[in-house]
Structures are given as structure tokens and as C-alpha cells.
Amino acid sequence: MRVGVDYYPEQWESSMWQQDAVRMAHTGVRLVRIGEYAWSRLEPSEGEFMFDWLDQVISIFHRCGIEVILSAPTNCPPQWMYHDHPEIIQVGPDGEPVQTGIRGHRCINSPVFQSYAKRITKELARRYSNTRSVVGWQVDNELEAYQCTCEVCREKFREWLMDRFDNLANINVAFGTSVWSNEYSDPSQIEPPGAYPKEWQNPALCLEWYRFQSESAAEFAKDLMITIRRENPNALVTTNTDIGRNSPDLYRLYRDLDIVGYDNYPPIELPENKEEHYSHAFYLDLMRGVKERNFWVMEQLSGPTGTWAPISPSPKPGQIMGYSLQAFAHGADVVLHFRWRTATKGAEMYWHGLLDHSGAPNRRLAEFSELCKTAAKLDGLENTYLISDIAIIYSSENDYAFRTQPQSPGFSYTDQLRSFHEAFSRYGANVDVISGMNDITRYKLVIAPAMYIYNKRVSENLYRYVINGGTLVLTCRSGVKDQNNNCVMEVLPAVFKELVGAEVTEYDPIGEKEQKIRDFAGNEFGCKVWCDIIQTTTARVYAEYNDSWYRCMPAVTMNRYCNGVSYYVGTVCDRDFYESFAANLMMQTGIPRLKGLPRGIEVTTRTNGNDEYIFFFNNSGSHVTIPLPKPMYSMVDSIGKAQLELKPFEMDIVRK
Ligand code: GLA
Ligand code: ZN
């Protein structure tokens with residue numbers, strides 16, 4: 001397993017490169033990512049390319065045995081480009097150009113910008129296509145579904161809509177523009193959502209805008225990938241992604257790229273409230289699920305964070321190493337720490353890397369060096385992968401749609417997914433988080449929370465899955481919207497009614513107020529946020545409400561449909577419910593469960609088809625002891641063990 005760092009040679013005196021590379025090699029670094037913000041050093045004036053310094057950097061690393069992931073620097077155009085071509089600047093939703101002198105503020109749809117972006121990428125790819133130590137490419141940096149409202153984006157958006165909907169009449173119907181007299185009589189009247197609060201915006205227009213901007217980001221990345229491939233047909237190309245407010249549709253973004261890249265910043269403080277989710281395992285599984293194969297971590301937590309907020313606490317002993325190994329446990333094959341040195345200049349000077357400003361040896365670097373040693377022992381695991389019996393369906397579109405129209409106070413789409421994810425994790429099961437667009441028949445259990453916006457392919461997959469004997473769980477806010485983000489005129493869960501054998505006669509969005517439900521065995525659990533009041537048609541009751549005016553009405557149901565079973569969870573429950581529900585589901589579908597794992601212990605398995613490697617991660621602040629069913633060989637300590645002793649955030653990996 002390869003561990004490395006992100007490095008910004010352009011931010012340091014050239015005399016430091018050699019020392020840094022030697023020190024990295026000594027620490028155990030095997031890979032560096034460089035270049036993503038270095039455009040002004042690579043093309044200091046129009047068409048004048050300066051690669052000598054980069055040649056030098058790459059050869060220094062090469063001599064130290066360190067491989068390179070080279071980035072196309074298109075996130076930050078040089079100042080001369082803004083000066084000569086002011087039209088490449090992004091324009092905000094308020095119609096005002098974003099200022100220069102920051103980063104990421106170019107319009108990726110601008111043809112002028114695109115041609116410069118492709119040219120610098122081509123020059124780089126040409127120069128380094130035969131450089132053996134360049135083992136991968138990153139295009140741009142954290143591409144977003146940008147909200148650029150420049151003239152190019154607006155015009156392209158109109159064309160894109162006309163192409164998708166054929167004519168203006170269809171757009172008017174799809175957008176429901178008869179509401180508030182918004183009917184378009186000419187395509188030029190179509191404008192992207194503006195800066196007014198989202199509550200005022202048309203949800204159908206917003207979703208199309210999100211789709212359009214996701215598509216723009218994906219096409220931009222693909223163009224750069226093709227540019228690199230022309231020079232180097234074997235290049236491995238990725239980009240990097242964090243999951244935030246403007247994340248594009250991940251499945252679209254990565255469709256044509258080779259590898260998914262994730263920027264992994266897990267929480268430093270663990271929450272006191274037991275109901276709060278904190279494990280980043282969910283996001284790691286989500287990133288693995290984007291292409292349904294292993295991924296790379298392009299940026300990994302290395303120190304106190306602080307640019308976008310005041311400086312955070314420092315990662316606790318164990319977190320630098322443990323969180324990286326946690327990424328490996330969930331399918332990462334590469335982990336790059338952000339960053340080797342903390343910047344002394346620029347806006348990010350308080351987003352700490354491994355080394356502090358002084359560069360003096362420190363606790364975090366020492367722990368990182370331990371990580372490098374451990375990772376080197378795991379080289380045999382490079383060709384291993386995770387096999388899961390359980391899948392959770394995630395949709396970037398649903399995530400976006402719920403963000404723009406939160407359903408009730410406290411409603412969170414990802415929290416619903418994470419509740420299930422954490423419940424299954426409690427029993428040591430591998431869990432995939434996938435789109436549901438591909439074959440799902442291999443799973444014993446599929447959880448599809450809040451299937452809000454209609455997606456034909458996923459809906460058909462779910463039906464087929466249950467018809468053929470699968471066990472499916474759906475939850476409240478499913479079947480609500482058509483593909484245009486408009487409400488359907490059907491009793492909920494609309495398209496899924498038959499599958500779940502139940503109907504939602506009414507709903508009660510109760511927000512943060514906690515109520516009770518009681519399951520078939522008489523166990524009581526808390527629920528909040530949303531209550532579907534359900535009438536069964538063919539389903540049986542799994543749990544009923546034990547509160548409010550719908551006391552004794554079904555809250556959770558179970559329906560046999562053809563050869564399979566589908567459950568419907570009409571409310572949002574507490575952690576205990578999901579754990580008990582998960583245990584029952586696993587029992588019924590014959591998925592093995594590890595019992596008695598202390599809270600916070602995460603167990604996943606990677607295999608190459610023959611050997612199995614089990615990762616035990618202590619994602620808690622307490623020391624734990626885990627007895628093993630039989631003595632097993634620890635890959636970390638190279639000895640046999642009958643039980644594992646894990647300090648906070650410590651990982652052990654045993655061969656089964
Ligand atoms: C993102 C970016 C990095 C850096 C980090 C820390 O992940 O890709 O360049 O800004 O955040 O803020
Ligand atoms: Zn634009």
C-alpha cells in the first residue's frame with residue numbers, strides 16, 4: 001500500500017527540494033502529488049512554458065525513489081490570463097464577477113479558458129509521458145457543480161435544456177412555469193437560479209442547473225483526460241473530490257476517469273452525543289462505490305485544520321495513522337497526506353500539514369513515519385478488494401434535492417444512510433454504498449433510503465432485485481418526485497407502492513420532537529423528523545407508532561413480493577432501532593454477524609479471492625480488547641495473536 005504526501009515545490013525555495021525529498025524518503029514516503037496550483041510557474045506568460053524547474057523536482061524525487069502524481073494545474077489560471085481575457089472569470093449567482101487573486105474562480109465552460117487549459121495539460125503530458133516515475137495524473141482540483149452565471153454558461157445551459165427537452169413547451173411543462181407567471185416564450189428568457197434564497201427558487205430549474213453544471217465539470221475533466229491520453233495512452237487519470245455543498249454528481253464526474261480520488265478529512269473531535277454520526281467509513285465506502293472499485297485518497301488529514309474556520313484541535317495520537325489505515329480498510333490503495341509542509345504564506349497558512357511552519361521534527365511526522373512502515377508491510381494487499389453482502393443506495397441528485405428542500409427540521413438525507421451504515425458496521429459487515437444503476441443481484445440485502453427523485457433505471461433494478469428474491473429496505477420520502485423534481489400526483493410511496501404493499505395515507509413532519517415506536521417484539525425506540533402514517537395493503541406490520549394521534553398505526557412494514565421481501569421504514573429512528581433492525585435483517589438474509597464488538601470498533605475484510613485480511617479499527621477514544629475466535633497472524637506486528645489490544649484509533653490487520 002502506497003503512502004505519500006502532497007507537495008508544493010513552487011511555494012518553497014528551490015534549495016529546499018532536495019532536503020525535503022531526502023527527508024520524505026527517510027520517513028517512508030513513496031509518492032508525491034505535485035503541480036495542481038502551479039500554472040503561473042509553468043506558463044509565466046502566454047505560450048512561454050517553463051518546465052526546467054519541474055524536471056528538476058521530478059528527477060530529485062526519482063533519485064530518492066519517490067513516484068509522482070502530476071496534476072494539470074487548471075484550478076488556478078495565471079494573472080496574465082485574467083488580464084488578457086477577462087471573460088474567463090467565474091460570475092456568481094448574483095451576476096457579479098468573482099474576484100481574482102483567490103483560487104478556483106475560472107469558468108470551466110469558457111472556450112478561451114478551455115483552450116488554455118488543454119494546452120498546458122498537453123504540454124505537460126507531452127513532456128512527461130515517458131517519465132517512468134510519473135505514475136498518475138490528477139486533473140484540476142475539487143471540481144464542483146459551479147454556480148457560474150457568466151454569459152457562456154447561461155447560453156450553454158439554454159442549449160442544453162433545448163437539447164434535453166426538445167422544445168420550449170416541454171421545458172415550460174417540466175419546470176411548471178405556469179406557477180407565478182414564469183412561462184418562457186423564448187429560450188433567451190431562461191436564467192439560472194440567482195442569488196436569492198433557495199426557498200424562492202424553482203426546484204425543477206435548480207435540479208436541471210445542478211445536472212448541467214455537473215455535466216460541465218465531468219466534460220471538462222474528460223477533455224483533460226483525453227488530452228493526457230493522446231500523449232500517453234497508458235496514463236492513469238483521476239481528479240479529487242470532497243463531499244460538500246457544491247459537489248457535482250459523483251457518478252457522472254468519474255464515469256470516464258480511471259480512478260476515484262477522495263479528499264479525506266475525518267473528524268478530530270468525537271461527538272459526545274451517541275446519536276451523532278462521526279465515522280468517515282461511510283464516505284470511504286461511498287467513494288469506493290462510485291466506480292465500484294478501489295480508490296485513491298489524494299488528501300488526508302495531517303494536522304490542525306483552519307482556513308475556512310478557526311484552527312481546529314490537533315489530530316489526537318493515533319489519528320494520523322489510524323485514519324489512513326481506515327481508508328485502506330475501506331478500499332483505498334493510495335493515501336496522500338495533505339500536506340508535507342504547512343504553508344507559511346497565502347490563505348491556507350493555518351491548514352496544517354505534517355510539518356509545522358518551522359519544519360522541526362514533531363509528533364505527527366513521527367506517527368506518519370510509523371504509518372509508512374506499517375503500509376510497507378501491507379504491499380501484499382495491493383490486489384485485494386472488498387466483497388459486500390449489503391449495499392446502500394446513494395444518489396448525488398437526491399442529496400442535492402434534499403439540500404435545497406430540507407423536508408423538516410433535522411431532516412438529513414446522508415444521516416439516514418449513515419444510520420444504516422453504522423448499524424451494519426456494528427456487526428463487522430462490509431457495506432457498499434453504490435448508485436444502484438448497475439447490477440445489484442449479488443447483494444443479500446439492499447437498503448434504499450429516501451428514493452426521492454424518480455430514476456427509471458434504479459427503480460427497475462430494485463423491482464427486479466426483489467422479484468428475484470432480494471431483500472430490500474425503503475424509507476420515507478420515497479417515490480415523492482418525478483425525474484424533474486416535481487411532486488407526483490400519486491399516493492406515496494408512488495412507484496414503490498406495490499413493492500412495499502403499503503400506502504402512506506398522510507404524513508407528519510414532526511421535526512426534532514422525539515416520539516416512540518414499538519416493534520413486533522415489544523421493544524420501544526425513539527423516532528423523529530418525519531412520520532409516514534401507513535395503511536398496509538399486503539404488508540405486515542414490523543413496528544407501530546406508540547405516540548401521538550396515530551398511535552398503533554404502522555410505522556415500519558414488511559411485505560413479501562414475488563420471491564423477495566421489502567421493508568418500508570416510515571420514520572427516522574434512533575441508533576438502537578437501526579442496530580436491532582440490522583441484526584434482524586442480517587439474521588433473515590444469512591449474513592454473518594460479529595457479536596459483542598465494542599462501540600466504535602470497525603471491522604472490514606479485504607480479499608484477493610483466496611486470502612482474507614481482516615481490519616480491526618478502534619475508532620473510539622478508549623482502549624479496547626477484542627478476543628479473536630482463534631489465534632491469527634497480525635500483519636502489523638508480524639506475530640500471532642489470540643486477542644487484539646487496540647489503543648484509541650489504532651488498527652490491527654490479521655490474516656484469516
Ligand atoms: C481541499 C483542497 C486543498 C486544500 C484543502 C484544505 O481539499 O483540495 O487544496 O485547500 O482542501 O483546505
Ligand atoms: Zn461560466
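A residue is called buried when its relative accessible area is under 20%, and exposed when that value is over 50%, with partly exposed in between. This tour of a predicted model uses those terms at several stops.

**First stop: the zinc ion**

Select ligand 2, the zinc ion, together with C107, C148, C150 and C153. Each of these cysteines gives its SG atom as a donor, and the donors lie 2.3 Å from the metal. Along the sequence, the donor residues follow the spacing C-x40-C-x1-C-x2-C. Two of the residues, C148 and C150, are buried.

Next, display the angles at the metal. The four donor atoms subtend angles of 100 to 115° around the zinc ion, and the arrangement is therefore tetrahedral. For comparison, the ideal angle for four tetrahedral donors is 109.5 degrees.

**Second stop: two salt bridges**

Now select R158 and E151. Their side chains form a salt bridge, with a distance of 3.9 Å from N to O. Are the two partners buried or partly exposed? R158 has 6% relative accessibility and therefore counts as buried. E151, at 46% relative accessibility, counts as partly exposed.

Then move to R518 and E544, where the side chains also meet in a salt bridge, at 3.7 Å from N to O. The structure holds 49 salt bridges.

Finally, select ligand 1 and show the residues around it. The surrounding residues are Y37, R103, N141, E142, N240, D263, Y265, E299, W308, F338, E348 and W351.

For N141, a polar side-chain atom lies 2.7 Å from a ligand oxygen. In D263, an N or O atom of the side chain is 3.4 Å from an oxygen atom of ligand 1. To end the tour, display the surface of the ligand: taken alone, ligand 1 exposes 300 Å², and the protein buries 97% of that area.

Notes
Residues are numbered from 1 along each chain as its sequence is written. Chains are lettered from A and ligands numbered from 1 in the order in which they are written. This is a predicted model: local features need pLDDT of at least 70, side-chain atom pairs count only at pLDDT 80 or more; totals for chains, interfaces and linings use all residues. Side-chain values use heavy atoms; hydrogens and water are left out. A residue is near a molecule or strand if one of its heavy atoms lies within 4 Å of it. A polar contact is a pair of N or O atoms within 3.5 Å; within protein, one must be able to donate a hydrogen and the other to accept it, and residues adjacent in sequence count only if both atoms are side-chain atoms. Accessible areas come from the Shrake-Rupley method with a 1.4 Å probe; for residues, only the protein chains shown count as cover. Donors are N, O and S atoms within 2.8 Å of the metal (3.2 Å for Na, K and Ca); water is not among the atoms, so sites may look incomplete. Four donors count as tetrahedral if all angles lie between 85 and 135 degrees; four count as square planar and six as octahedral if opposite donors are over 155 degrees apart and all others between 65 and 115; anything else is irregular. Buried means under 20% relative accessible area, exposed over 50%, partly exposed in between (1.4 Å probe, protein chains only). A salt bridge is a side-chain nitrogen of Lys or Arg within 4 Å of a carboxyl oxygen of Asp or Glu.
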